[in-house]
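Me: I would like to go through this model with you, starting at the ligand and then moving to the fold around it.

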Amino acid sequence: MDLRIDLLKTGIPEDEIKGLRSEALAAYGDLKSGKLEFSGWVNLPESYDKKEFEDIIAIADEIKKKCEALIVIGIGGSYLGARAVIEALAYNADPSGVEVRFAGNNMSAVYHEELLDWASKRDICVCVVSKSGTTTEPAMAFALFKDMLIKKYGIEEARSRIYAVTDACKGVMREEVDKEGYKSFVVPDDTGGRYSVLTPVGLLPIAAAGIDIRSLMEGALSACKSYGQNASLTDYAVCRYLLSQSKQIEIFEYYEPSLQYFAEWLKQLFGESEGKEGKGLFPASLSFSADLHSMGQFLQEGNQIFFENVIDVLNPPTDLILPDSAGSLLAGRSINAVNRAALNGVIAAHRSVGIPIVKVEIPELTPYFFGQMIYFFEMTCAITGLLMGVDPFNQPGVEGYKSEMKKELMK
Ligand code: PA5
């Protein structure tokens with residue numbers, strides 16, 4: 001069984017969806033044709049560089065042998081995909097995988113001091129992921145961790161513990177890689193950060209964590225092949241477009257806390273792809289059942305500016321049977337069954353007040369199905385963006401705060 005999309009609870013009449021189907025399929029055709037700039041991810045599952053892929057696996061094996069923990073330095077599209085997969089599939093990882101921690105995704109001294117302290121007590125390697133090499137957060141973290149590596153291991157050994165993923169030929173990181181002789185992989189030119197998880201950007205840290213990247217790519221390939229043949233996949237993009245006419249916010253809801261960073265990845269994917277020219281849905285995420293106890297009131301009775309996307313893991317990797325002391329309603333039941341009762345109950349309650357709901361069912365949290373889900377959401381996002389009339393692959397607005405911050409630093 002594959003990923004399944006349930007659009008029956010969106011409240012959108014079938015004929016409205018059908019009315020836009022050909023436009024969505026035309027957008028899909030444009031994406032597949034490769035004529036759009038930065039659409040290198042579209043055919044990637046079919047055409048990725050097999051030699052580079054084997055090199056990634058070999059270097060990941062080297063990292064696994066060399067250290068017990070890997071510090072992955074990067075921000076935005078240069079780390080969210082890897083973190084999403086590693087945290088969601090931790091249960092599925094091979095024990096030979098290294099422990100992965102993330103740095104350079106914020107400007108907090110407290111965060112980095114704690115992580116440096118943690119790393120100082122372990123045998124570590126560093127993987128720095130930055131296309132430009134000049135992004136402030138990873139540049140600061142890389143300087144700190146390089147300093148630590150040199151003090152701990154000496155300059156030669158430090159060099160052999162640094163792995164880089166960066167531009168093929170330009171930028172300060174590429175210059176440093178070439179000068180210092182770090183082992184490196186390339187961030188492809190035709191793929192933006194938020195679509196790059198299935199390139200070395202995501203694959204190297206994911207493989208080092210002990211997650212089967214062959215299976216991840218096979219899942220992405222199966223989604224790549226079924227997209228365009230399965231109307232429910234393009235229909236989801238159409239539904240999002242239609243809902244964006246009356247709603248301002250879309251919420252991604254999950255019932256497995258390990259999906260927290262997958263939701264963060266989704267927020268960047270949709271927010272950065274569609275939020276431009278005064279258009280786009282504001283992507284938000286909620287972790288259930290925890291957030292039902294904080295946001296449940298708003299969802300049930302507040303201003304209905306949103307619709308919901310429920311990410312439903314049909315078979316979680318483990319379960320627990322509740323003991324007698326849990327009380328008559330719960331005793332003897334499995335905790336997954338209670339979680340499912342919550343999911344079904346929330347959908348019924350929210351539908352009763354007219355909230356549009358899309359359910360995305362993932363059979364299991366495995367690399368294969370995760371690969372399907374990654375490709376599926378990337379394609380959905382790109383198609384909805386094209387239906388909205390925006391370029392889903394640029395992000396001109398992210399420069400605004402950076403130039404103001406630079407002025408502050410130069411004062
Ligand atoms: O998706 C994007 O393009 C951004 O999130 C970038 O990945 C992020 O800003 C990091 O950039 P760089 O890889 O150049 O350090």
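**Ligand site and fold**

Me: In which pocket does the ligand sit?
Reply: This is a predicted model, in which local features need pLDDT of at least 70 and side-chain atom pairs count only at pLDDT 80 or more, while totals for chains, interfaces and linings use all residues. Residues are numbered from 1 along each chain as its sequence is written, and side-chain values use heavy atoms, with hydrogens and water left out. A pocket is an open set of points on a 1 Å grid over the protein atoms alone, where a 1.4 Å probe fits and protein lies on both sides within 12 Å along at least five of seven lines, and a molecule sits in it if more than half of its atoms lie within 2 Å of its grid points. By that rule the ligand sits in the largest pocket.

Me: What is the distance from a polar side-chain atom of Ser-130 to an oxygen atom of the ligand?
Reply: A polar contact is a pair of N or O atoms within 3.5 Å. A ligand oxygen lies 2.8 Å from a polar backbone atom of Gly-77, and one is 2.7 Å from an N or O atom in the side chain of Ser-78. For the polar side-chain atom of Ser-130, the distance to a ligand oxygen is 2.6 Å.

Me: How much of the ligand's exposed area does the protein bury?
Reply: Accessible areas come from the Shrake-Rupley method with a 1.4 Å probe. Taken alone, the ligand exposes 380 Å², and the share of this that the protein buries is 83%.

Me: How many aromatic pairs are there?
Reply: Rings of Phe, Tyr and Trp (its six-membered ring) pair if their centres lie within 6.5 Å, with planes under 30 degrees apart counted as stacked, over 60 as edge-to-face and the rest as tilted. The count by this rule is 21.

Me: Phe-252 and Phe-377 form an aromatic pair, so how far apart in sequence are the parts that it ties together?
Reply: The pair is edge-to-face, at 6.2 Å centre to centre and 80° between the planes. Phe-252 belongs to strand β7 and Phe-377 to helix α15 (DSSP runs of at least two residues for strands, E, and at least four for helices, H or I). The pair therefore links parts whose separation in sequence is 125 residues.

Definitions and conventions
A polar contact is a pair of N or O atoms within 3.5 Å; within protein, one must be able to donate a hydrogen and the other to accept it, and residues adjacent in sequence count only if both atoms are side-chain atoms. On a 1 Å grid over the protein atoms alone, a cavity is a set of points where a 1.4 Å probe fits but cannot get out, and a pocket is an open set with protein on both sides within 12 Å along at least five of seven lines; lining residues have an atom within 4 Å of a point.
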